[in-house]
Amino acid sequence: MMNVAIVGGGITGLSSAFHVYRLAQEKGQKVKITLLEATNRVGGKVQTEKREGFVIERGPDSFLKRKPEGLELVDLLGLSDQLIENQTGRSYILKDDALHPIPEGSVMGVPTRIRTLLQSDLLSMDGKVRVLNDFFIPKLPDFEDMSVGEFFKQRLGVEVVDHIISPLLSGIYAGDIYKLSLKIALPQFIEIEKKYGSLIKGLSQTTPKKKTSQFATLTGGLSDFIEALKKSLEHSGVDIQTGVSVAAIEKEANSYELLLSTGQRLAADQVILAVPHRVTEKLLTQASYLHREDAAPDTSVATIAMVFNQDDVRMDKEGTGFVVSRLEDKAITASTWTHMKWGHAAPKGKAIIRCYVGKAGDDDIINQSDETLTKIALDNLSGIVSIKADPDFAIVSRWPLAMPQYPVGHSKWLEDVRAKLAVDYPHVYLAGASYDGVGLPDCIKQAKQLAEQIIQ
Ligand SMILES: Cc1cc2nc3c(=O)[nH]c(=O)nc-3n(C[C@H](O)[C@H](O)[C@H](O)COP(=O)(O)OP(=O)(O)OC[C@H]3O[C@@H](n4cnc5c(N)ncnc54)[C@H](O)[C@@H]3O)c2cc1C
């Protein structure tokens, strides 16, 4: 019987347990799985607050549909009938204190329709001409990796990076896109540039013309997904231990001993570390190469979800929310009008406005009190959303050091690290948001691939 220990009970750890068990069953292998989670609940950053008919996400709110592994797991758990897609309203960029529509047809801020680009007041005429130069600039010389900011600056110019691409990406990374690895964050753009030369040409040929919903979640919130995953694991005999953190990992001749915060020891043949990289570094003390000087620290973010009577709020524009231009003097980085984006999130007649704070260089802000953060959010919204009454209630969620910052060259570094670990710590594996992508489907994909590697 193979003993698998999984450290960390976020989406990566839980889906690792699910796929290891599923594949072992398929191959007729016997496996004992123990999942250790430091806090008293599983789910990690996935956390839903259900109150008075509201479904409010404290962390992630949905799966990106384009990446199949999230919805595939929803299906395997038998939850497909509970899926709901986002409403495809307009979204905006806040620039010079006004909301400007994101040019229709843009992909990650890269325009695909010349007419909507020319009509947009987000860019100056020079900025628009510079974007259109993309048709004429030769392909960039072959490169292994570069920063997202540098890549788009070279193809499309700095204005579109500052006012469209950077704010759209800040919701995912909350970092400096001039330090963020293109290869890990947006690898598809490297392929498009290689194949078509022009990004606009490539995207306009490969992007569906009709606007469709891009995201999906469950009507009861993402915690229902976590609950179903947990139940399925318990049913399969996976030993889930919450309130137990792993303090150290000792290497034995052909296995490992995990030292637990309870004082107990756990033996394992295979260990999946589904924790943030800074935790991994502390656990694998003989692997000094895990430490990176070139990586910016993970950034901290907070969300402030405020609930109102719908009659008391009036949006300046119809839509589902906005992101804030890189050069705008605001503390919030984005605002989602959740009741407009998701049909299930608020009871009839109620509105939820969710604001985000925290970015590279300004993430201390999350240490402010709930009252201060709510006031900052309301102040930042004034002039954009007219609000007549105080929120019925507000839910502030802090996520310290939650957003990994992948530096340029991350994939190469990770490949080297994995090769060295295979020698120094055979059968110890790294997975999760610190490594191969931050989105929920990325985490699930890593878990699935790892399970395939372990259950051969
Ligand atoms: C505000 C916010 C909004 C987001 N929105 C989206 C979205 O809409 N869609 C999307 O796809 N992604 C979104 N993300 C990203 C996504 O939520 C995360 O990348 C993902 O949940 C990370 O999962 P994980 O399992 O790798 O890590 P985590 O969820 O961080 O789980 C790691 C777990 O390890 C545990 N742990 C740590 N140390 C130890 C130890 N020593 N022993 C045992 N356990 C330990 C922790 O307690 C934690 O539970 C968002 C993230 C944030 C913060």
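Biologist: Where does glutamine 405 lie?

Modeller: Glutamine 405 sits in the loop between strand S21 (393–403) and helix H14 (410–424). Helices (H or I, at least four residues) and strands (E, at least two) are DSSP runs, numbered from the N terminus. This is a predicted model, where local features need pLDDT of at least 70, side-chain atom pairs count only at pLDDT 80 or more, and totals for chains, interfaces and linings use all residues. Residues are numbered from 1 along each chain as its sequence is written, and side-chain values use heavy atoms, with hydrogens and water left out.

Biologist: Why does glutamine 405 count as buried?

Modeller: Buried means under 20% relative accessible area, exposed over 50%, partly exposed in between (1.4 Å probe, protein chains only). Glutamine 405 has 13% relative accessibility, so it counts as buried.

Biologist: What does the side chain of glutamine 405 reach at 2.6 Å?

Modeller: That is the backbone oxygen of tyrosine 173. The backbone oxygen of methionine 403 lies 3.0 Å from a polar atom of the glutamine 405 side chain. Among the residues that glutamine 405 touches, beyond four places away in sequence, are Tyr173, Ala174 and Asp298; contact means heavy atoms within 4.5 Å.

Biologist: Tyr173 brings us to H6. Where is the kink in H6?

Modeller: The kink, about 45°, lies at serine 166, shortly before proline 167. The bend at a residue is the angle between axes fitted to the seven residues ending there and the seven starting there. Ser166, Pro167 and Tyr173 are among the buried residues of H6.

Biologist: What follows H6?

Modeller: Alanine 174 does, with a positive phi near 50°.

Definitions and conventions: Polar contact = N/O pair within 3.5 Å; in protein donor to acceptor, adjacent residues only side chain to side chain.
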